[in-house]
Amino acid sequence: MGKSIPEYLGQLDIRKSIVGLATGAAAIYLLYKAIRAGLKCQPPLCSNSPICIARLAIERERHGRDSGELRRLLNSLECKHDEYTRSMILHSITRCVYLLEAEASACTNDDIKLVADMLEDKDTSVKIQALNALKAFSGIRKFRLKIQEHSIKVLELVSTIWDSELHISGLRLLNNLPLPDYVHPQLRRVMPALMEILQSDCNMAQVQALRLMSYLAQKNDLLYDILNCQVHSDFLNLFQSTQPGNLLFEGWVEISLSVTSAPEDGTTWANLSKHSSAMFRRLTLAAFQI
């Protein structure tokens with residue numbers, strides 16, 4: 001062939017080196033472009049992070065124009081998503097309602113219904129985030145009547161699903177709404193469940209249940225149902241001020257709702273007053289405004 005084997009191998013090595021250098025140079029160039037693009041890239045304004053939503057609130061206040069973020073989230077809620085995505089969308093809606101008050105006030109009752117429909121979701125985390133979003137919207141006066149329409153559903157969830165986070169979210173929503181008279185029959189049915197929540201291990205849920213029952217105790221037609229609820233024999237221990245960090249005791253002081261412990265399991269509040277001391281009897285009567 002006119003070339004010796006060593007010469008041929010030498011040319012082959014040179015070609016391989018050239019190809020390697022070209023490939024390496026191309027890879028370095030692409031890596032440089034990727035790094036440069038990454039450095040120039042700004043996070044999208046429609047990001048769901050708290051910082052971006054806070055930035056939207058600042059920009060709106062500065063320039064006086066809507067960001068459209070809340071509307072975008074509500075529109076996306078109508079699309080089909082998995083449980084995690086639905087939960088995150090509702091969580092972002094809650095943040096937007098608190099931070100973008102003007103945009104939240106521009107929403108409609110149809111938007112409230114859209115959020116409330118998520119209470120029917122099979123996933124508990126989606127229900128919790130829907131309750132939180134409704135709680136945020138309930139701070140806007142014009143939506144309260146619409147949200148009240150879902151009070152019975154909220155009571156049903158609180159009384160049938162034993163989940164501390166759901167109890168807290170549901171009871172917070174109920175405590176933020178004036179409950180209409182047509183809800184009273186449902187309240188009577190769920191009163192034992194509220195009493196169980198009051199005796200649960202979750203302090204935040206206990207305080208929210210305490211607040212609700214304090215409000216309901218002012219209703220003459222509900223007072224007997226509250227007094228007739230059964231309590232555990234160690235019920236009074238929930239209110240011991242000697243236990244450090246007893247959040248329920250702090251709620252008891254703040255709300256001025258007094259209860260006493262039963263001598264035996266199955267004793268009702270009404271019968272309990274007969275066995276209690278004169279001091280606790282006075283506290284009970286004063287708390288319930290009898």
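One aromatic pair is counted in this predicted model, where rings of Phe, Tyr and Trp (its six-membered ring) are paired if their centres lie within 6.5 Å, with planes under 30 degrees apart classed as stacked, over 60 as edge-to-face and the rest as tilted. The rings of Phe137 and Phe143 have centres 5.7 Å apart and planes at 90°, so the pair is edge-to-face. Both Phe137 and Phe143 are buried, a term that denotes under 20% relative accessible area, against over 50% for exposed and partly exposed in between (1.4 Å probe, protein chains only).

The model is predicted, with local features requiring pLDDT of at least 70 and side-chain atom pairs counted only at pLDDT 80 or more, whereas totals for chains, interfaces and linings use all residues. Residues are numbered from 1 along each chain as its sequence is written, and side-chain values use heavy atoms, with hydrogens and water left out.

Lys127 lies in helix H7, helices being DSSP runs of H or I with at least four residues, numbered from the N terminus. Lys127 is buried but has no salt bridge, the nearest side chain of opposite charge being that of Glu120, 5.8 Å away; a salt bridge requires a side-chain nitrogen of Lys or Arg within 4 Å of a carboxyl oxygen of Asp or Glu. A polar atom of the Lys127 side chain lies 2.5 Å from the backbone oxygen of Asp121.

Asp123 is placed in the loop between helix H6 (109–116) and helix H7 (124–137), and counts as partly exposed because its relative accessibility is 23%. The C-alpha atoms of Asp123 and Tyr84 are separated by 9.1 Å, the two residues being 39 residues apart along the chain.

Terms used: Helices (H or I, at least four residues) and strands (E, at least two) are DSSP runs, numbered from the N terminus. Lys and Arg count as positive and Asp and Glu as negative; His and the chain ends are not counted. A polar contact is a pair of N or O atoms within 3.5 Å; within protein, one must be able to donate a hydrogen and the other to accept it, and residues adjacent in sequence count only if both atoms are side-chain atoms.
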